[in-house]
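Good morning, and thank you for making the time. I would like to take you through one model, moving from a single turn to the packing of its helices. Please keep the structure in view as I speak.

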Amino acid sequence: MTGENALPGDDPHLGLTLSGGGAFGAAHVGVLQVLEERGIHPGIVTGTSSGALVGSAYAAGLDGATIEQLALRFRWGRIGNWSWKPRWGLLDTRVVTESIHRLLGEDPRIEDLPRRFGAVATDLRTRQAVTIDKGPLSAALRATIAVPGILPPVRLGGRMLADGGMIDNVPHASARKLGAERVIVVHLHAKWENVRMMRSTTKIAALVEDPTVVLVQPEMERMAQWTMRDVPRLIAEGRRAAAEALDA
């Protein structure tokens, strides 16, 4: 556990769960900024796919302004390069390790991050969600973003792992497993789910009724999901949705 590395002011019992959704994940940046401005600092963060990418930056201790700059500069080549020897996917995700080194100066172990972090992936054999909260950060991120047919699955701990969104795109239960008593859940695709692969086994209606959950639902309608052209708008929408949920 990372208790000895915890950042001052963090709430060790407050979790943050960030769902996946390609470029829509930029909305998470706006949510993080509003939490930061209001002095709300979750000590636990879990996510899948793009939610795990943003969540890992937060878990590493980066502030909202820095994460915004990363989002504005992000290109898909940071997580995958064309593979001339495709086997399990068209792109090679080993470039993720290089990106992490450039950003953090190393490829840290998850348990050494200043905030508790879990990347959620799918075990392709058992079809169960797996929370990766130990080991190299790069391996966890390569697993959680591994969209079948595009990005190759990752063999980790004897399991073949791929994108967690195939099983549950709102993995708030993983934050509970890591010790969260209360959870801020950011659910993208609030009014519509246009990615068949990404399923919310979590019942959103149940989260609305749960007094230990704050549900933030940015609205993605008319936003680009697989290009980065709407990143500024997505960040702004994340800020709007977070403010609305917290004020409520």
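**The β5–β6 hairpin**

Let me begin with the hairpin formed by β5 and β6, where four residues lie between the strands and Arg127 adopts a positive phi near 60°. The model is a predicted one, in which local features need pLDDT of at least 70 and side-chain atom pairs count only at pLDDT 80 or more, while totals for chains, interfaces and linings use all residues. Residues are numbered from 1 along each chain as its sequence is written, and side-chain values use heavy atoms, with hydrogens and water left out.

Strand β5 covers residues 116–123 and strand β6 residues 128–132; the two run antiparallel and are joined by five bridges. Strands are taken to pair if DSSP finds at least two bridges between them. Within this pairing, Val120 stands opposite Thr131 of β6.

**The chain as a whole**

The protein chain contains eight helices and ten strands. These elements are DSSP runs numbered from the N terminus, with helices being H or I of at least four residues and strands being E of at least two. Of the 248 residues in the protein chain, 55% are buried. Here buried means under 20% relative accessible area, exposed means over 50%, and partly exposed lies in between, with a 1.4 Å probe and protein chains only. Among contacts in the protein chain with a separation of 6 or more, 74% are between residues 24 or more positions apart, a contact being heavy atoms within 4.5 Å.

Which residues of α2 are buried? They are Ser50, Gly51, Ala52, Val54, Gly55, Ser56, Ala57, Tyr58 and Ala59. Because nine of the ten residues of α2 are buried, this helix is largely enclosed by the rest of the structure. The elements covering its buried residues include β1 (11–18), α1, β2, α3, β5 and α5.

Ser49, in the loop between β2 (42–47) and α2 (50–59), has a positive phi of about 55° although it is not a glycine. With 8% relative accessibility, Ser49 counts as buried. Just after α2, Gly61 takes a positive phi of about 95°.

Arg222 is located in the loop between β10 (213–216) and α8. Is Arg222 buried or exposed? At 67% relative accessibility, Arg222 counts as exposed.

**Helix packing**

Helix α1 (residues 27–37) packs on helix α8 (residues 231–247) at an angle of about 45°, their axes being 6 Å apart. Axes are lines fitted to C-alpha atoms, for helices over the stretch in contact, and angles run from 0 to 180 degrees between N-to-C directions. The two helices are therefore oblique to each other; angles under 35 degrees count as roughly parallel, over 145 as roughly antiparallel, 65 to 115 as roughly perpendicular and the rest as oblique.

On the α1 side, the contact involves Ala27, Val29, Gly30, Val31, Gln33, Val34, Leu35 and Glu37, and on the α8 side Leu234, Ile235, Gly238, Arg239, Ala242, Ala243 and Leu246. The residues of this contact of α1 with α8 comprise ten nonpolar, three polar and two charged. In this scheme Ala, Val, Leu, Ile, Met, Phe, Trp, Tyr, Cys and Pro are nonpolar, Asp, Glu, Lys and Arg are charged, and the others, Gly among them, are polar.

Helix α3 (residues 64–73) also meets α8: their axes come within 9 Å and cross at roughly 145°. Glu68, Ala71 and Leu72 of α3 and Val231, Pro232 and Ile235 of α8 make this contact. Its residues are five nonpolar, no polar and one charged.

The last pair is α4 (residues 95–104) and α5, whose axes come within 9 Å and cross at roughly 130°. That makes α4 oblique to α5. Val96, Thr97, Ile100 and Leu104 of α4 are in contact with Leu137, Ser138, Leu141 and Arg142 of α5. By class, the contact of α4 with α5 has five nonpolar, two polar and one charged residues.

**Beyond α5**

At 7% relative accessibility, Leu151 counts as buried. The C-alpha atom of Leu151 is 8.5 Å from that of Ala162, eleven residues apart along the chain.
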